[in-house]
Amino acid sequence: MNIDYQGVTNCLLFLRRPLSPHYWVATPEPTYPFDGVIETSNLTEEVERGARHVVYLTKYMHREDPRFREDEDLLSIDGGWL
């Protein structure tokens, strides 16, 4: 069986305050450079993660997308990708 898998790139953020009361917020509009905002701290206790709120910005793309081969610094917010 030949399955054409999709890949994902995540930008991990540690915040001082919660970003949202939701675990997952989809951002399907093309104006957003990422596909979803996942705040995992909404599923964990503060004693497990400290005072940090953990948020992932996620981008799904084909595993042969050229962004998978880019330097990690180019995939940062400051680098202009996210």
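1. Strands E2 and E3 run antiparallel and are joined by 3 bridges. Strands here are DSSP runs of type E with at least two residues, helices are H or I runs of at least four, and both are numbered from the N terminus. Two strands count as paired if DSSP finds at least two bridges between them. In this pairing, Ala26 stands opposite Gly36 of E3.

2. On the basis of the note: the model is predicted, with local features needing pLDDT of at least 70 and side-chain atom pairs pLDDT 80 or more, while totals for chains, interfaces and linings use all residues. Residues are numbered from 1 along each chain as its sequence is written, and side-chain values use heavy atoms, with hydrogens and water left out.

3. The overall make-up is 1 helix and 4 strands. Along the sequence, these elements follow the pattern β-β-β-α-β. The protein has 82 residues, of which 28% count as buried. Buried means under 20% relative accessible area, exposed means over 50%, and partly exposed lies in between (1.4 Å probe, protein chains only).

4. In what order do the strands of the open sheet stand? The order is E1-E4-E3-E2, with antiparallel pairing among the 4 strands. E1 and E2 are the edge strands, each pairing on one side only. From one strand to the next, the twist averages 20 degrees; axes are lines fitted to C-alpha atoms (for helices, over the stretch in contact), and angles run from 0 to 180 degrees between N-to-C directions.

5. E4 takes part in two of these pairings. With E1 it pairs in the antiparallel sense over 10 bridges, and Gly7 stands opposite Met61 of E4. With E3, E4 is joined by 4 bridges, again antiparallel; there the bridge partner of Ile38 is Tyr56 in E4. Of the 10 residues of E4, 7 are buried, so the strand is largely enclosed by the rest of the structure.

6. Which residues make up the largest nonpolar core? The 5 members are Cys11, Phe34, Val37, Val55 and Leu57. Such a core is a set of buried Ala, Val, Leu, Ile, Met, Phe, Trp, Tyr and Cys residues joined through side-chain atoms within 4.5 Å.

7. Contact means heavy atoms within 4.5 Å. Across the protein, of the contacts between residues at least 6 apart in sequence, 51% join residues at least 24 apart.

8. How many salt bridges does a search of the whole structure find? The search finds 2. A salt bridge is a side-chain nitrogen of Lys or Arg within 4 Å of a carboxyl oxygen of Asp or Glu. One of them joins Asp4 to Arg63, with the closest N and O atoms 3.1 Å apart. Asp4 lies in the segment before strand E1 (6-15) and Arg63 in the segment after strand E4 (53-62), so the pair ties together parts that are 59 residues apart in sequence. Asp4 is exposed at 52% relative accessible area, whereas Arg63 is partly exposed at 40%.

9. Lys59 and Asp35 form a salt bridge in which the closest N and O atoms are 3.6 Å apart. The pair links distant parts of the chain, 24 residues apart: Lys59 is in strand E4, and Asp35 is in the loop between strand E2 (24-26) and strand E3 (36-39). Lys59 is buried, with a relative accessible area of 15%, while Asp35 is partly exposed at 24%.

10. Ser20 sits in the loop between E1 and E2. Is Ser20 buried or exposed? Ser20 counts as buried, at 16% relative accessibility. Its side chain reaches the backbone nitrogen of His22 at 3.0 Å. Not counting residues up to four places away in sequence, Ser20 touches Val25, Glu39 and Asn42.

11. Ala51 is placed in the loop between helix H1 (46-49) and E4. Ala51 is exposed, with a relative accessible area of 55%. Leaving aside neighbours within four places in sequence, Ala51 is in contact with Leu15, Arg16 and Glu46. The C-alpha atoms of Ala51 and Ser41 are separated by 9.8 Å, the two residues being 10 apart along the chain.

Notes:
A polar contact is a pair of N or O atoms within 3.5 Å; within protein, one must be able to donate a hydrogen and the other to accept it, and residues adjacent in sequence count only if both atoms are side-chain atoms.
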